[in-house]
Amino acid sequence: RSVSVCVPCASCREDTAIFLNEFHGFIHFLHSDSVHTIKMNYMPGTASLIDDIDKKHLVLLRDGRTLIGFLRSIDQFANLVFHQTVERIHVGKKFGDIPRGIFIVRGENVVLLGEIDMDKPCDTVLQQVSIEEILEEQRLQQQAKQETEKAKVSALKDRGLSIPKADNLDEY
């Protein structure tokens, strides 16, 4: 795989590197009359996740949900399979975990994936509450958000302005 770019050379710091060639785990910089080679410390693409299999991870999804579970499998599309998964809901200084079991996540829905350090002591200021309590807190938070949004729309309407509704945006 070859790419033409203009970046500073990592070896000699000259700003004339114009050709990068990735070949068998090495990156080659070609500029002036010399070639510099740097060993890559990672595997390209989703192959870099192979070392993370069977470790506990946190995943943030596009829809805002947070999942915590053990990564069991991946594929070339970054689809993920988690085991002993919980969905963590945060509301203010409280959180609750809803058990979800085995969970398959389509790769395009992943915003963030990070390993959880099991050896690090937990020093959180968040309070864990029951599933029922966190769901009620989440419902109240969403209700307050909807009321605030209605007030904004009403204020804009009074000024002769309007904003498109989210469900209409897909039509364009």
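I looked up Leu-61 and found its bridge partner in S9, Val-110. Numbering runs from 1 along each chain as its sequence is written, and I am working on a predicted model, where local features need pLDDT of at least 70, side-chain atom pairs count only at pLDDT 80 or more, and totals for chains, interfaces and linings use all residues. Side-chain values use heavy atoms, with hydrogens and water left out.

S5 (residues 56–61) runs antiparallel to S9, with 5 bridges. Strands here are DSSP runs of E, at least two residues, and helices are runs of H or I, at least four, numbered from the N terminus; two strands pair if DSSP finds at least two bridges between them.

Next I traced the open sheet: 6 strands, order S9-S5-S6-S7-S8-S10, mixed pairing. S9 (110–115) and S10 (127–128) are the edge strands, each pairing on one side only.

Then the pockets. I take a pocket as an open set of points on a 1 Å grid over the protein atoms alone, where a 1.4 Å probe fits, with protein on both sides within 12 Å along at least five of seven lines; lining residues have an atom within 4 Å of a point. Volume is the space filled by probe spheres set on the points, joined across faces, edges and corners.

The largest pocket comes to about 360 Å³. It has 14 lining residues, and Arg-88, Ile-116, Cys-122, Asp-123 and Thr-124 are the closest to its centre.

The second largest pocket holds about 170 Å³. S7 gives the largest share of its lining, 4 residues.
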